[in-house]
Amino acid sequence: NGVVSADPNDVESLCALAHLEAKVSSDGIGKSLDYLGDAAKVNQSHPVVLCHLANHAFYCGLERQTLEQQGSADLAVPGEQHPWDLASELLQRALLSTMSMRVKAEVHYQLGRLAHAKGRFAEAQKDYKRCADLVPEHFACLYGLAQTCIQQGDYNQAIPALESVRKGRSGMIEVLKLLTFAYLKLGDKAAEAVKCADALVAEDKEDMEAWAMRAEAHDQLAASQPLGTSQKVGIEVYEQVAKLLEEGKASPRGVAMPQMWNNLGTLRSLQGDADGAKEAFRKGMELAERQLAGDGGRPVSPEEAKDLHVAHITMRFNAAWLAENEGDQPDYMQATQDYMAINEEHNWHADSLLQLGAQWQRMGETEIALHRYQEAMKSNPVLSTLMQAQLYRQRGELTKALQSAELAVQVTGANQFHYVHLFLGNLCYELACSPKTRSKERDGYMHKALRSFIKALEHKKDSHYAANGVGMVFARRGKLDFARRTFQSVIQHHAMSGDPSAFINLGHTYMMSGGDSARKA
């Protein structure tokens, strides 16, 4: 104000007043347009004036877009320039007429924001990056850059931008949410995701979305650290989610709540709380049904309806699986009825077909079981062929089992690669040791077993089961020292502390050595 009083024609001061007035006014406008009008009267071609005019045009265009999306009639006037086209033209003029790095940075930020609003994420990303190169502490630009990176799946580039915003503007919940989301999407940054999610929950203890992200972060950490505390923390987080849901503090559309109940039910079942798991699945299914019926204040979109249907089917299946595996008194009849109902309604649901096959196999009806497994081939070829292989294995038809296992290897993806090769390795080892196998074929099977175990180990370097298999092959071939060292290494793995197989295998190597080693056995 002092500068303007001394010089009413100071364009930059008038623009600064316009900016401040918009910031402090309750309606976001105040006298800002008056100040901006005064600046334009003095010099409408000044780069700073052009930037402020472009900013105003951008928000006019944004308001028009919002009204049109809400169902208002087309607001375009014939012959009138669209506000966003005007904004783009003003910004290009500003860019050509300025030498200031900060003004250039602002122009690129606004150009990026304009492209961002139009859904042109790659174009927006380029302008945001130009702005950040000129003014690294432009936090609005960094946040926009992170958003466009995430829209394109470039999480590694989004994270540094978000971390910079977080350091410069601490306590911004939306920044923390986006940062947590980016870490979760990477999949191998569980510890970082947990830290961000913990900080997010600390900012607002009743934010359902924050709790949901915290639960997912601890799930990821528990998967990477099986003996850590994250599994315990994870169920505590889901219990808190359930509490918020029951107290009605969660926004009905803020988070996929049926999935939260499903996750809680799964964790409760893993903890041995079958009744609690059933209750969680029941509440999740009821909630999904209510939301599908339109309970929530607005129509369900086709994409939401699809997610709700999938969640409902998943919980029905999980409830059936729980009945089948419930302690000392499994309810096979109820589980079978539930699997059949799911299969009749959704013949594409491979998991229900596979479980029905397992029920028939349990009752000794192996041909019907095989038929069910084969029906599931289209939707889940890997698990279907492995379950066929296991059935043949139990019937003593090892050659047929091998054919099915080799088919599983041909169709396996990255996620199943490790397990499929372990299964094949164990099966080949069994064939090599079987008295029914001809002596000249045994070495071939043993070589195939070793190759499968090594492939599994190459895919998952920390695989103690694959290392155990390698040791078994060398022990069988008489390479006792190498086998012994392998088993000793496997025993030291934290995940094998409760598994007797490596101790038994190590004992066998000492027995085969004879002499004083028998005591070690």
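Start by selecting Arg282: its relative accessibility is 35%, so Arg282 counts as partly exposed (buried means under 20% relative accessible area, exposed over 50%, and partly exposed in between, using a 1.4 Å probe and protein chains only). A quick word on what you have open: this is a predicted model, where local features need pLDDT of at least 70 and side-chain atom pairs count only at pLDDT 80 or more, while totals for chains, interfaces and linings use all residues. Residues are numbered from 1 along each chain as its sequence is written, and side-chain values use heavy atoms, with hydrogens and water left out.

**Stop one: helix 15**

The side chains of Arg282 and Glu286 form a salt bridge, 2.7 Å from N to O (a side-chain nitrogen of Lys or Arg within 4 Å of a carboxyl oxygen of Asp or Glu). Both residues sit in helix 15 (residues 274-292), four residues apart, about one turn of the helix (helices are DSSP runs of H or I with at least four residues, strands are runs of E with at least two, and both are numbered from the N terminus). Select Glu279 and Lys283 as well: salt bridges with shared partners link Glu279, Arg282, Lys283 and Glu286 into one network.

**Stop two: helix 7**

Next, pick Arg130 and Asp127. Their salt bridge has its closest N and O atoms 3.3 Å apart. The two lie three residues apart in helix 7 (residues 121-134), about one turn of the helix. Which of the pair is buried, and which is partly exposed? Asp127 is buried, with a relative accessible area of 9%, whereas Arg130 is partly exposed at 42%.

Then hop to Glu123 and Arg120, whose salt bridge has its closest N and O atoms 4.0 Å apart. Glu123 is partly exposed at 40% relative accessibility, and Arg120 is partly exposed at 43%.

**Stop three: helix 18**

Finish by selecting residues 350-362, the 13 residues of helix 18. At 1.5 Å a residue, helix 18 should span 18 Å, and its end C-alpha atoms are 18 Å apart, which agrees (the expected span is 1.5 Å times one less than the number of residues). Among its buried residues are Leu353, Leu354, Leu356 and Gly357. What do the buried residues of helix 18 pack against? Show helix 16 (302-324), helix 17 (332-345), helix 19 (366-375) and helix 20 (381-394) to see their partners (contact means heavy atoms within 4.5 Å). Just past helix 18, click Gly364, which takes a positive phi of about 90°.
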